[in-house]
Amino acid sequence: MAIFVVILGMFINVHVKKFLVSEEVYFPQLTAFSQFYPWSPPPYIFCNSSSPSLLPVLPTNFSTEITGSTSRESPRDNWHSMSDEELMWHASMVPGIKEYPFKWTPKVAFMFLSRGELALAPLWQKFFKGHEGLFSIYIHTSPEFTNEPPKSSVFYKRRIPSKPVQWGRVTMIDAERRLLANALLDFSNERFVLLSESCIPIFNFTTIYNYLINSKKGFVSSFDDPRPIGRGRYNKGMWPAITLPDWRKGSQWFEVNRKLAIEMVSDVTYYPIFRDHCLPPCYMDEHYFATLVNKLCPELTTGRTITWVDWSRGGSHPTMFVRKDVSKAFLNRIRDSRCSYNGKSSACFLFARKFHPSTLQPLMSIAPKSLGLDPDTTFMSI
């Protein structure tokens, strides 16, 4: 009997050891989990938060391309089937490891908010020419607009999944956040500028790229307006989350760095308050981001916009410029304005609006010299 007990003990001891060291038995969840999390999820701390955020896992229907182990290309097609909730979730989480596992060059994301076709596309085509790898393009249009430019265009396949937009309504903010979120999915995008279909660049690409990439802050227009069209639009129903001293107004045409862009798509606290309480004559596109940035990260923005418009004629919309308005002197007047930039004096504006489609021909005529869109022009003094 004693011999039988000894043999049984030896048998159990051997098989228990095999069970404990077996990789298949001990790590089944880890093996399956690693298929969805190819990188370790590091922490990332936001402006006013102590909670970490984990690296996102892109859905299988979102295309990214890895070429070798030293470089990463942007998606060639912006289209995907994610809902807005899924999109914001993916865009709000970023890696916390500073060193990239691929060849990295910071890019500027140009985000166009348009009803349909970009009438000034030929001017932008000339602007972007020769600078591939330093920019990415995202276009939000009316859903019914499905026309695609030729494959030779920088705007080919750059539309994102879009929804209807109404001026001054929450749908305008939704579209802007949608553009930001799509652009954030590309880790190479470091600066994000919102533009309209009537915007033009007033300097060449190299000048604008250097201005944005080297800026220590973003450019979100945000100021305290004591008038009825400013503080007068504040709704007491927003209290206590948003108080009157928090309330700000500003231009909707912003430019931000990556950290601030993440804050703008991550907000689930103030967005529903604005959605429910900022109704006409309160317009979300004039108050939401201006107030959000003031609440969360005022130190990350200069409080001004880099997109020039003319409000001198009054009304609820700025001046629309037509063919006869365009001249070298007109553009020079816009460029000559001066503002503080990284502690020194520099140009206030990099873009201008609103330009009617009829301005394309004169703009193309003066672009090589006046706008510096000549292949031989590398940098314009600002």
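Begin the tour by selecting Cys 339, which at 21% relative accessibility counts as partly exposed; that label covers values between buried (under 20% relative accessible area) and exposed (over 50%), with a 1.4 Å probe and protein chains only. The model is predicted, so local features need pLDDT of at least 70 and side-chain atom pairs count only at pLDDT 80 or more, whereas totals for chains, interfaces and linings use all residues. Residues are numbered from 1 along each chain as its sequence is written, and side-chain values use heavy atoms, with hydrogens and water left out.

**The disulfides**

Cys 348 is buried, at 5% relative accessible area. The torsion about this S-S bond is about 95°, so the disulfide of Cys 339 and Cys 348 is right-handed.

The structure holds two disulfides. For the other, select Cys 278 and Cys 282, joined with an S to S distance of 2.0 Å. Here the torsion is about -85°, so the disulfide of Cys 278 and Cys 282 is left-handed. Cys 278 is buried, with a relative accessible area of 3%, and Cys 282 is buried, also with 3%. Cys 199 is a further buried cysteine to select, with a relative accessible area of 0%.

**The nonpolar cores**

Next, select Phe 110, Trp 124, Phe 128 and Phe 155, the residues with the most contacts inside the largest nonpolar core, which has 49 residues. Such a core is a set of buried Ala, Val, Leu, Ile, Met, Phe, Trp, Tyr and Cys residues joined through side-chain atoms within 4.5 Å. Among the elements that give two or more residues to this core are β3 (107-113), α5 (121-128), β5 (189-196) and α12 (360-370); helices (H or I, at least four residues) and strands (E, at least two) are DSSP runs numbered from the N terminus.

Apart from this core lies another, of 48 residues, including Met 88, Phe 254, Tyr 270 and Val 293.

**The largest pocket**

Finally, select Trp 167, Gln 252, Trp 253, Pro 318 and Arg 353, which lie nearest the centre of the largest pocket among its 49 lining residues. Elements that give two or more residues to the lining are α10 (284-296) and β8 (307-308). On a 1 Å grid over the protein atoms alone, a pocket is an open set of points where a 1.4 Å probe fits, with protein on both sides within 12 Å along at least five of seven lines, and lining residues have an atom within 4 Å of a point.

Key. A disulfide is a pair of cysteine sulfur atoms within 2.5 Å.
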